[in-house]
Amino acid sequence: MKALIQKLVETFSPSGFESPIRQIVRTEIEQIADEIQVDALGNLIARIGPRGEGQHSQGTRQKIMLAAHMDEIGVIVTHIDDNGFARFTTLGGVQPRNLSGGRVRFLNGAAGVIGIERLEKVTELPTIQQMFIDLGGSERKSCPVQVGDVAAFERPFAELGSRLIAKSMDDRIGVAVLIEAMRQLKHTPHDLYFVFSVQEEVGLRGATTAAFGIDPDLGLAVDVTGTGDTPKSIKMEVGLGKGPAIKVRDEGMLSDPRVVDWMVKTAEKAKIPYQLEILERGTTDARMIQISRAGVPSGCLSIPCRYIHSPSEMVDYQDVLHAVQLLVQLLSQPVKIG
Amino acid sequence: MNAATPKITTDQIRLLERLTNACAVSGDEGEVRSIVLEQVRPHADEVKIDALGNVLVTHHGKGENRLRVMLAAHMDEVGLMLTNDEEDGIFRFDTVGGLDLRQLVGKAMLVGGEHIPGVIGARPIHLSTPEERKQTLTLDTLRIDVGPGNSAKVKVGDRATFATPFKRLGSSLQAKAFDDRLGVATLIELVKNPPDHLDLLAAFTVQEEVGLRGARVAAYTLDPHLAFALDCTPANDLPAWDGSENEQYNTRLGAGPALYIADGSTISDPRLVRFLMQTAQTAGIPYQVRQPGGGGTDAGAIHKQRQGVPSVSISVPGRYLHTAVSLVRLADWQNSLALLHAALQALTPEILAAER
Amino acid sequence: MTDLLPFLKTLISAPGLSGHEAAIRELIAAEWVLLCDELTTSRLGSLHAVRRGTLPEPRPSLLLAAHMDSIGMMVTSRVGEFLHITKVGGIDPRVLPGQLVTVHGRKALPGVIVQPPDSLLPAEYQNGPLPLEHLLVDTGLPAAELGRLVRPGDLVSFAQPPLTIAGDNLAGHSLDNRASVAALTHCLRELRGRPTAWDVWAAATAQEEETLGGALTSAYHLGPTLAIAIDVTFGASPGSPSHKTFPIGKGPTLGWGPNIHPGLHKTLKALAERLEIPTKLEAMPRHSGTDAFHLQIAAQGIPTMVVGIPLRYMHTPVEMISMKDLTRVGRLLAEFAASLDENFMDGLKLDE
């Protein structure tokens with residue numbers, strides 16, 4: 001699975017411009033899915049219908065929507081100055097403190113380095129307006145990018161023991177988990193809709209329209225969550241290497257308690273390690289799935305991740321494998337909620 | 001096939017004058033709504049006013065497999081609502097929509113359906129200290145004064161707008177509420193000069209300034225294939241205080257209609273952005289790209305409705321929007337109308353054939 | 001059928017934090033089943049109850065919505081024999097030290113929210129108000145037993161018992177918004193034995209304090225012709241600015257602003273005057289801060305109205321309301337529901 005993860009995280013596709021990553025995901029799943037479609041906003045939706053033993057169980061067939069977002073945070077050019085430096089603004093939650101000296105890669109292939117203006121106080125944090133991208137040129141007319149061009153951060157995939165590090169683990173790791181679960185799923189009584197969603201980082205936009213179109217009985221996002229296991233971190237029970245996290249609540253939603261219960265019981269029965277997650281800052285696609293149409297009982301399977309929205313997001317490989325295992329267990333068996 | 005481009009003449013300018021002089025704060029759009037209805041009824045196949053007050057106008061094209069194209073322009077403007085009666089003609093108020101509090105003091109206002117004049121006064125300079133004058137006047141300290149004896153005509157809940165009258169200044173126009181009466185005027189003109197090969201779904205929306213609320217339900221009802229939002233966006237093209245290059249101008253007056261690649265509410269569908277640029281180039285219409293980031297238009301609500309609606313915004317640049325006095329160039333308005341008209345004429349279902 | 005005051009006391013003694021409303025829903029259902037034709041539960045856990053009308057199909061419908069969820073807290077972790085908590089809904093941490101609570105673990109455990117001594121706190125918070133992350137819950141149980149009974153995600157609700165206050169007033173926690181649920185129940189009681197032309201839906205919505213999700217999804221599902229949200233509003237009290245508050249016991253408020261259909265406001269105002277129910281206009285320049293915000297924009301849009309019950313000390317465990325205001329709201333809504341006929345929508349005007 002590591003090769004798949006590497007391929008996904010090293011692709012450049014910021015919010016709103018998901019075509020490159022969509023191509024890669026489509027290639028990975030087109031032999032597995034019963035049906036694939038791309039909707040008006042660019043969501044890639046793959047359906048797997050009932051298959052294998054148990055597929056004809058009466059009354060257990062549910063329409064389940066899974067969502068992992070393909071987009072990553074990035075930057076978009078707002079101005080090229082006389083000397084060829086590019087000013088920019090953000091796509092999604094980009095933190096100024098993660099940018100200094102960072103490298104970016106534009107969708108057209110151009111590369112750049114992020115620089116900062118001289119600050120009054122060296123100890124101050126710069127604002128985005130005080131930063132610029134240096135594309136190696138010296139004048140506007142030879143600048144390889146123009147206003148409106150987009151870039152994502154450039155940092156190659158690396159391994160540190162059982163830890164995996166890259167930019168865009170949020171949420172390419174979720175994408176990888178969905179793809180791998182699709183591969184390993186031998187039997188299911190359900191109609192499964194694997195949604196590789198767009199524009200999550202700018203407001204959960206893709207999941208909003210995908211959920212409306214699918215109108216599922218149950219929704220599950222697969223996304224990263226923070227951890228509380230680094231020096232003087234936020235207080236949080238979740239840590240790397242202790243298993244995938246079952247989300248109880250985050251800043252934007254409360255998981256349906258019946259869904260949490262289903263996930264906990266399934267993990268315990270299959271002896272898969274898990275953690276219970278409460279996240280104070282941040283939310284996922286599940287928030288919009290939950291309030292779609294007449295409401296959808298929803299939850300989220302989270303991959304614990306350190307340094308989210310930095311160029312070096314870190315997950316634990318065992319957590320990832322266990323997440324796949326848990327997801328396959330959840331989707332293989334009957335469930336009836338609400 | 002190619003219908004003549006509608007021109008901005010005295011008639012259109014007079015209509016814009018009526019529209020900008022009308023008072024229609026978010027949630028209270030009646031005055032503009034009645035002007036819109038009067039203008040579109042003779043040209044529409046269907047006119048509907050929905051639960052929130054959106055005016056939904058349909059003009060059917062001819063032929064099979066027609067594109068359903070939604071255009072949205074919002075009727076509401078930012079303004080104030082009176083919240084407490086403190087006797088003697090003095091009222092507390094609160095803002096409706098985004099308003100810089102520094103723009104309110106010392107202004108003449110029009111209050112309520114009868115446009116009763118009032119003022120937001122300030123303490124005389126003689127009675128304030130230099131220290132006090134360094135502080136922004138807060139909402140808590142500001143009041144609207146309609147004068148003693150007028151309380152009978154003015155009550156809590158009434159809305160108030162700036163009392164700026166429309167004025168022509170050569171090649172520029174000056175008024176309040178160009179955001180978005182310009183969009184409304186443009187859309188009226190397009191309803192009067194519709195394309196005949198697609199379904200034109202014109203939505204004159206409410207409550208854009210308080211959360212894009214009218215556009216949301218309008219898009220749900222109309223269920224279009226794609227959408228254009230017609231709005232007005234800031235031109236911050238003034239000189240920087242230190243003579244340095246202005247890198248955050250957003251748009252510039254005189255550079256033509258502003259096309260959006262991304263703002264705070266929408267990442268425009270790239271297929272529609274490319275199409276607009278090609279249309280402008282073919283027709284020789286100047287255009288500019290609005291700087292990405294910040295702000296929002298009705299497209300922000302429209303593109304997330306139902307299963308998603310490919311959307312893009314086009315705005316006339318305007319200086320000093322959301323203040324008492326805004327300024328636009330006539331040529332930018334003319335070019336925006338020309339670009340939209342040409343785009344509607346050239347639109348075919350093939351535009352959505354490729355994936356986003 | 002219990003009297004309104006004892007019913008309300010039962011309502012505010014049952015747990016029902018946002019997203020976990022099952023217990024309170026059952027209590028409400030037990031009352032409403034006696035007053036309505038059919039009860040259902042939405043996919044997010046809102047309770048829907050309908051009284052069928054007499055007009056032929058397709059029959060217009062009125063939705064009366066009061067959110068049943070309340071604010072509270074949730075366990076985030078255990079440190080020895082103490083628990084750390086986070087909030088569910090908006091809570092000012094300054095009201096928390098010394099509050100009696102119930103921890104809903106594997107069984108209901110009484111506890112108290114405690115403020116550690118200053119010597120155990122970072123310097124910046126000594127002698128000042130503590131943010132939530134530094135407050136703890138002490139249940140009196142030893143660490144091992146606590147660990148067996150409680151886990152992250154368990155809910156913590158206020159345990160302040162209801163207090164009857166002189167002059168027909170009630171104080172306690174969760175009166176936001178169980179007071180409105182009681183008012184809505186009173187409306188249904190007033191309608192007993194009286195047929196209505198329209199269908200009347202009563203909805204006890206879920207998750208208002210967090211996402212307004214119950215209102216949006218219920219409105220989408222039920223597709224009503226009109227919707228009224230009943231919620232509490234700011235009661236005049238020491239420390240709250242007088243220009244933003246309304247006296248308790250002097251009648252409900254009627255919302256006015258973009259979130260409200262002006263025709264609905266005017267209809268209710270005229271009706272209140274006829275019934276000699278005192279009301280006050282509540283200016284809502286932007287967001288109404290209630291379920292009406294999402295009711296209005298469900299699907300194709302719905303004309304909405306907000307009726308407010310003034311309440312002192314909102315989002316504290318000692319909220320206070322006047323029972324008189326509750327019964328006034330119930331009566332106003334009942335008479336409105338009873339007055340609706342096949343011509344009402346034709347007469348409902350946005351503009352003068």
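The model is predicted, so local features need pLDDT of at least 70 and side-chain atom pairs count only at pLDDT 80 or more, while totals for chains, interfaces and linings use all residues. Residues are numbered from 1 along each chain as its sequence is written, chains are lettered from A and ligands numbered from 1 in the order in which they are written, and side-chain values use heavy atoms, with hydrogens and water left out.

**Chains C and A**

The contact (heavy atoms within 4.5 Å) draws 26 residues from chain C and 26 residues from chain A. Between them the two chains bury about 2300 Å², 58% of it on carbon and sulfur atoms; buried area is the accessible area (1.4 Å probe) that two parts lose on being put together, summed over both. There are two salt bridges between chain C and chain A, a salt bridge being a side-chain nitrogen of Lys or Arg within 4 Å of a carboxyl oxygen of Asp or Glu. C:Glu210 forms a salt bridge with A:Arg249, with the closest N and O atoms 3.0 Å apart.

**A sheet in chain B**

Strands (E, at least two residues) and helices (H or I, at least four) are DSSP runs, numbered from the N terminus. An open, antiparallel sheet has the order β10-β11-β17 in chain B, where strands pair if DSSP finds at least two bridges between them.

| Helix (chain B) | Lies across | Angle to β17(B) |
|---|---|---|
| α3 (residues 178-192) | β11 and β17 | about 35 degrees |
| α7 (residues 330-346) | β10, β11 and β17 | about 60 degrees |

How values were computed
Axes fitted to C-alpha atoms, helices over the stretch in contact; angles between N-to-C directions.
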